[in-house]
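Below is a short report on a two-chain model.

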2 protein chains.
Amino acid sequence: MRASRFFISTLKEAPSDAEIVSHQLMMRAGMIKRLGSGIYTYMPMGLKVIRKVEAIVREEMNDAAAIELLMPLVQPAELWQETGRWDKMGPELLRIKDRHGRDYAFQPTAEEVMTDVVRSEIKSYRQLPLNFYHIQTKFRDERRPRFGLMRGREFTMKDAYSFDRDLAGMQASYKVMYDAYTRIFTRFGLKFRAVAADNGAIGGSGSHEFHVIASTGEDAVVYCPTSDYAANMEAAEALPLAAARPAPAQDLVKTSTPDATKCEAVAELLKLDLAQTVKTIALTVETEKDGKSTKQYFMLLLRGDHELNEIKVGKVAGLAAHRFSTEAEIDEVYGCVPGYLGPIGTLGPVTVVADRTVANMADFVCGANDAGYHYTGANWGRDAAEPAIVADLRNVVEGDASPDGKGVLAIERGIEVGHVFQLGTAYSEAMKATFLDENGKPAPLQMGCYGIGITRILGAAIEQNFDDKGIVWPTSLAPFELVLCPMGMDRSEAVKEAAETLYAEAKAAGIDVILDDRGLRPGGMFADWELIGVPHRVVIGDRGLKEGNLEYQGRRDTEATAVPVADVIGFIKGKMAA
Amino acid sequence: MRASRFFISTLKEAPSDAEIVSHQLMMRAGMIKRLGSGIYTYMPMGLKVIRKVEAIVREEMNDAAAIELLMPLVQPAELWQETGRWDKMGPELLRIKDRHGRDYAFQPTAEEVMTDVVRSEIKSYRQLPLNFYHIQTKFRDERRPRFGLMRGREFTMKDAYSFDRDLAGMQASYKVMYDAYTRIFTRFGLKFRAVAADNGAIGGSGSHEFHVIASTGEDAVVYCPTSDYAANMEAAEALPLAAARPAPAQDLVKTSTPDATKCEAVAELLKLDLAQTVKTIALTVETEKDGKSTKQYFMLLLRGDHELNEIKVGKVAGLAAHRFSTEAEIDEVYGCVPGYLGPIGTLGPVTVVADRTVANMADFVCGANDAGYHYTGANWGRDAAEPAIVADLRNVVEGDASPDGKGVLAIERGIEVGHVFQLGTAYSEAMKATFLDENGKPAPLQMGCYGIGITRILGAAIEQNFDDKGIVWPTSLAPFELVLCPMGMDRSEAVKEAAETLYAEAKAAGIDVILDDRGLRPGGMFADWELIGVPHRVVIGDRGLKEGNLEYQGRRDTEATAVPVADVIGFIKGKMAA
């Protein structure tokens, strides 16, 4: 490509609404252009990167025997009603009425359409396994779109759907996709981590997220540096901090703690370690039966310095549909104000759920169910009844024991760019997608689904790879692998000839090269390509040519290397492979 | 590709709603699958063809210095309001409200977004010319979607937009696109014709349509076999049938023609040639001025055997906003009933507009403005005042003189698959898309726009190329160029080995080959590939192998050719190039 025939449009300043570095740099590098809230035009420079992402994804999906098709964007509401998601999905689902008043959804994902396709196509176990994918635009009407391509409304996703005859087949298909994803993210040249994840609303029995590691990532990724263990924060299991509960050493003392409704304030007031305090969270579960509403009350106990993990709470038996209790409920049930609740004393209809760590604590500090007072030296069995339920309720922290027993946990920040799910038969049963098994009996298809946020990859790659000059693309994702910067191409015949020769050689060698023939001064030219983030640069100048040299500089190099003209292609190939 | 790893799903019968052959064959060949009215999933076999179409379009667009980007599907209403198209476009424009109640359009085309992009990007004449394109999904909410991909609602289009500093530049850009389209359709291997077209609602000063020729096409394509002249029916100019008007030879006679309100009935009743009759069409033009409505009346005259061309009528001065007169208006103005109107006698406020052919007629038959009576032997000047306006009002017919004076016109049927427009400054003025010219003065961008119906190409190609066995793809569009059909691959080691060797060789030779390893019987296997329309087939069987031969058969060949194993690749390459 010649720069004069491409469209290059760089900015000195990012627009003020660009809050994060990838959004700022993509705007400044002329890769995207805002059309509306969370809606972007992919400018030529940005589209080139998207195409590189797509090509790698497509190659690896095909190699993994997945078959590409293309499902429509505008999908009839009837299919979404079959699975109940027409109602279940909130305003994130963009709903459309056509000229006849019929309802449609702009696809945020395609489980329903895919299941509809296969239920008429797959008749026999002999046709299985099958895995279909498409790379297609999605729309999710985010309440607050931001961060450029990281949380846009219109975006591109690769979504794949596997179909198997039984659980073992589905798990094998899942493994094939997990391995393909590992190859894909490796080929992207990004530092990433696959972590066990909670299946969430999509249902099913197992899933992993693929995160690009970046200090600016909005997700916490938990891993064990000395083993294979890795999970997201929602799924990372917290073991009890002490294997067994120590014996009581202190007496129970009721202490005045005015205005200390938080553990931090209590610890400061009493000059105690925050890790000796226990915080109480009051929950209510409302159930309807025969038109009558019943309320159950739960008291959750967490160590003062720990964070509640709501996903884990939702998995405790009876707590799937919990909410925080209201002040009126707390007054009625505990006869106390929030901030002074605790497990000691008459608790009436309350079920106590202690975090594993709390269950193993001794001589702890907790609310006295009396406004303005806490207990110190509290102990299970002696002062408070043993908790009815002990469960993992908290987020893990750095240094927690790894659940696999092979070390301690570390935490880093990640950006979720891929997700693989074991769906099981949730969709196939709802939509009656069956096949005839070996015995001629109908059975529901075992499904998996597998997503990669194509456009999000761009944002994530930049969050991981940038410096104060701009983007630093890995070679596999760069809009161009190599830029040729001739100095005074219009003035010097020698420069022009050397530049054109190298341009032709680079193309012949299969390098995605751009020749900057715009006639800019060196400063502006270099600044553009450093901002855009092309990983390899060769400067062609009269001075170097006199000595038979060109100047190579990698995007992260602090200075240039003189390379003999004849060796340049080989030299660049070597750098590209490095 | 191995068939066992691809998805092949053929049907013996087409669904009953498939009215035309391309729709039927695409459904039977498993290329598309209906999701909703005018909305199709592109199945793997169909998507492969779409990708071939896209690749050719992309290569030629890039070669023509057009630059690819990707504009969003969901477009803010504000932009469509700037050009007035939010109101002007009817229910075909799919309108969407987001969660905040803001209005958007699902793009049917992208003039507004493109103009919005460039108005902030193009500052100086030095940046021009520029031509941007994208290959993107479109949605047009057709009242009655049908014919599969030929008139769907969701479809894929390539749309390009050129920007120039002046009219000459825009016309040069237009020529570049016209030539690129000619190369594109030539590479498709389709018989096509570029015809001059009317610009229609999109505005501007010139346009051409590209039609794939097919007897089932819904458009009439006019051309001159002995010259370059070609136009669509709307634009093809009809010259007067006689160069000068003959002198009157008959007397004017008022004749009773009861129940003969149509020219056909009058000609039959009076035993005259239909070409001697003149039909009258009464039009009304209503104009509002200072809140007062004024009506003007026009009488259009057409030879009895000719068809009215409404586009041409709309171009006559004063007739842009015409409508057919009501019976009440006709009664009031002519004092007569429809069916007996004519240009002879007191016409009050009526302006007579005669078609060129009618203006040169002598001794013609026309209504007498008296219910139940016609005149015969009518002549201009003598019996009727010379028509106030003479214009081209009719569709051309086969045998009409070519407007370029180089022969006579022929008519064939076509399917419109491409359209190039000279837009001028209609959009850039409405949206204030200006640049600074050489004198530093702002000037509106001169625009052109250029569309190709990517998915429609599939339908059009099939309408042109099919037989009773199925589709006959041109090699450049075929989902696979070559199919290998081994006979009893599971039984014969020799067949298996020869098939695998040829498969590897074909891939190495850059042929898009599929090896049918499904283990079907020959009949079913051949029927599948004939239906799908793969243009080249090689059968590998024990019998042939014993003599060192394989059997080649082109999709249109009536019998196979024995080719020595060692020569097969060269032989196929020769056939592919033919």
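Which residue forms a salt bridge with Arg153(B)? Asp98(A) does, with the closest N and O atoms 3.0 Å apart. A salt bridge here is a side-chain nitrogen of Lys or Arg within 4 Å of a carboxyl oxygen of Asp or Glu.

This is a predicted model: local features need pLDDT of at least 70, side-chain atom pairs count only at pLDDT 80 or more, and totals for chains, interfaces and linings use all residues. Residues are numbered from 1 along each chain as its sequence is written, chains are lettered from A and ligands numbered from 1 in the order written, and side-chain values use heavy atoms, without hydrogens and water.

**Interface of chain B and chain A**

| Item | Value |
|---|---|
| Residues in contact (heavy atoms within 4.5 Å) | 58 from chain B, 58 from chain A |
| Buried area (accessible area, 1.4 Å probe, lost on being put together, summed over both parts) | about 4700 Å² |
| Salt bridges | six |

Carbon and sulfur atoms give 61% of the buried area. In chain B, Leu35(B), Leu70(B) and Arg99(B) lose the most area to chain A, together 15% of what that side buries.

**A sheet in chain B**

Five strands (DSSP E runs of at least two residues) form an open, mixed sheet in the order S16-S14-S15-S17-S20. Strands pair if DSSP finds at least two bridges between them. S16 (322-324) and S20 (389-391) of chain B each have a single partner strand, so one side of each lacks a neighbour in the sheet. S14 (residues 278-289) and S15 (residues 292-303) of chain B run antiparallel, joined by 12 bridges. Ile281(B) stands opposite Leu300(B) in S15(B).

Note on methods:
Buried area is the accessible area (1.4 Å probe) that two parts lose on being put together, summed over both. Helices (H or I, at least four residues) and strands (E, at least two) are DSSP runs, numbered from the N terminus.
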